[in-house]
Amino acid sequence: MFPFATIAQWILGIVLVLSSFGVILLEKPIHASLSFLLTLLMLAALYLQLSAQFIAVMQVLVYAGAILVIFMFVIVLFQDAYQQLSKFQPRSYKPFLIFAAIAFTGSLIFLGYQLRAHPPAQRALPTGYGTVESLGEALYLDFFFPFEAVIFVFLIALIGAVYIGRKAK
Amino acid sequence: MDILFFIYISMAMFAVGVIGVLVKRNALIFFLSIELMLNAANLLFVAFARQWGNETGLVWVFFVLVVAAAEAAVGLALIINLFRSKQIVDVDQYNVLKG
């Protein structure tokens, strides 16, 4: 019987969950986004633990390198909006929201408890699992059409972003 | 390692993202919470791909990354445009489409 998780995985997982709590609990958006950066780095480390090297590198490059940098730019742009943020109170009833969150979490825990009864078997990894070569092979041979379709998704998102973000005349 | 460990972590992350969307009123934090949920799904994809020794899950993670990048571009453009018209980042104040 293999252990539930190694010590490194426990540390990574706990820091991951704590930093994701930091995203929603920290007051200033810049702190929340820095906490999100920590979440992304812990996730990349967990991907490495799951022997998915290429995905871990892509995680750091795309998320921490591209998405979060755009995000920080927007935060800097909004800098003076935060002083007025505190005077707006949420219109929805907070107890209801918290109750919904607790119900959702409870159903997830119930689902996890149900999963506990049927642990799936672990299989041996094929050689070269998770490397750029094998993933590229899967992308270009088995998933060629979705891969090409993604180009159109990007193109349309780019056009949409430029169209939405332009100054109104 | 046990896959249940990763399932639990992914569940916790997803629940935190849902709580963020439900409770927070700042448009930027809203956006970060959605990214948290996407990442929780990604972690589950990677964990199950590792479990079954099948790379299809990793390919789907790649596609989720692409969609997240596109979503960041469009979503942030929307937020900037909304901010330009109202000078507010509180999602309760955006009611132009309410009629």
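This is a predicted model: local features need pLDDT of at least 70, side-chain atom pairs count only at pLDDT 80 or more; totals for chains, interfaces and linings use all residues.

Q: Which domains does the assignment of chain A give?

A: The assignment lists domain 1 (1-83) and domain 2 (131-169), and the centres of these two domains of chain A, taken over C-alpha atoms, are separated by 23 Å.

Q: How does one describe two helices that pack, and at roughly what angle do the axes of helix 2 and helix 3 of chain A cross?

A: Two packed helices are described by the angle between their axes and by the distance between those axes. In chain A, the axes of helix 2 and helix 3 come within 8 Å and cross at roughly 175°; angles over 145 degrees count as roughly antiparallel, and the two helices of chain A are therefore roughly antiparallel to each other. The contact includes F36(A), L40(A) and Y47(A) from helix 2 of chain A, and V60(A), L68(A) and F71(A) from helix 3 of chain A. By class, the residues of this contact divide into 19 nonpolar, 3 polar and no charged.

Q: Is L46(A) buried or exposed?

A: One counts neighbours, and the cut-off for a buried residue is 20 or more other C-beta atoms within 10 Å. L46(A), which lies in helix 2 of chain A, has 24 other C-beta atoms within 10 Å and is therefore buried. Leaving aside residues up to four places away in sequence, L46(A) touches L12(A), L16(A) and L43(B). K167(A), by contrast, is 121 residues from L46(A) along the chain, and the C-alpha atoms of the two are separated by 42 Å.

Q: How many residues of chain A are in contact with chain B?

A: On the side of chain A there are 71 residues, in contact with 63 residues of chain B. The elements that give two or more residues to that side of chain A are helix 1, helix 2, helix 3, helix 4, helix 5 and helix 6 of chain A, and by class the side has 55 nonpolar, 13 polar and 3 charged residues.

Q: How does helix 6 of chain A lie against helix 3 of chain B?

A: The axes of helix 6 (residues 144-165) of chain A and helix 3 (residues 56-86) of chain B come within 8 Å and cross at roughly 10°, which makes the two helices roughly parallel. Among the residues that meet are V150(A), F154(A) and L158(A) from helix 6 of chain A, and F63(B), V66(B) and A70(B) from helix 3 of chain B. The residues of this contact divide into 16 nonpolar, 3 polar and no charged.

Q: How can one check the length of a helix, and how far apart are the end C-alpha atoms of helix 6 of chain A?

A: One compares the expected span with the distance between the ends. At 1.5 Å a residue, the 22 residues of helix 6 of chain A should span 32 Å, and its end C-alpha atoms are 32 Å apart, which agrees. Helix 6 of chain A is hardly covered, with 1 buried residue among its 22, whereas helix 1 of chain B is mostly covered, with 16 of its 21 residues buried.

How values were computed:
Residues are numbered from 1 along each chain as its sequence is written. Chains are lettered from A and ligands numbered from 1 in the order in which they are written. Axes are lines fitted to C-alpha atoms, for helices over the stretch in contact, and angles run from 0 to 180 degrees between N-to-C directions. Helices (H or I, at least four residues) and strands (E, at least two) are DSSP runs, numbered from the N terminus. Angles under 35 degrees count as roughly parallel, over 145 as roughly antiparallel, 65 to 115 as roughly perpendicular and the rest as oblique. Two residues are in contact if their C-beta atoms, placed from the backbone, lie within 7 Å. Ala, Val, Leu, Ile, Met, Phe, Trp, Tyr, Cys and Pro count as nonpolar, Asp, Glu, Lys and Arg as charged, and the others, Gly among them, as polar. The expected span of a helix is 1.5 Å times one less than its number of residues. A residue is buried if 20 or more other C-beta atoms lie within 10 Å of its own, exposed if 12 or fewer, and partly exposed in between; C-beta atoms are placed from the backbone. Domain bounds come from an automatic or database domain assignment.
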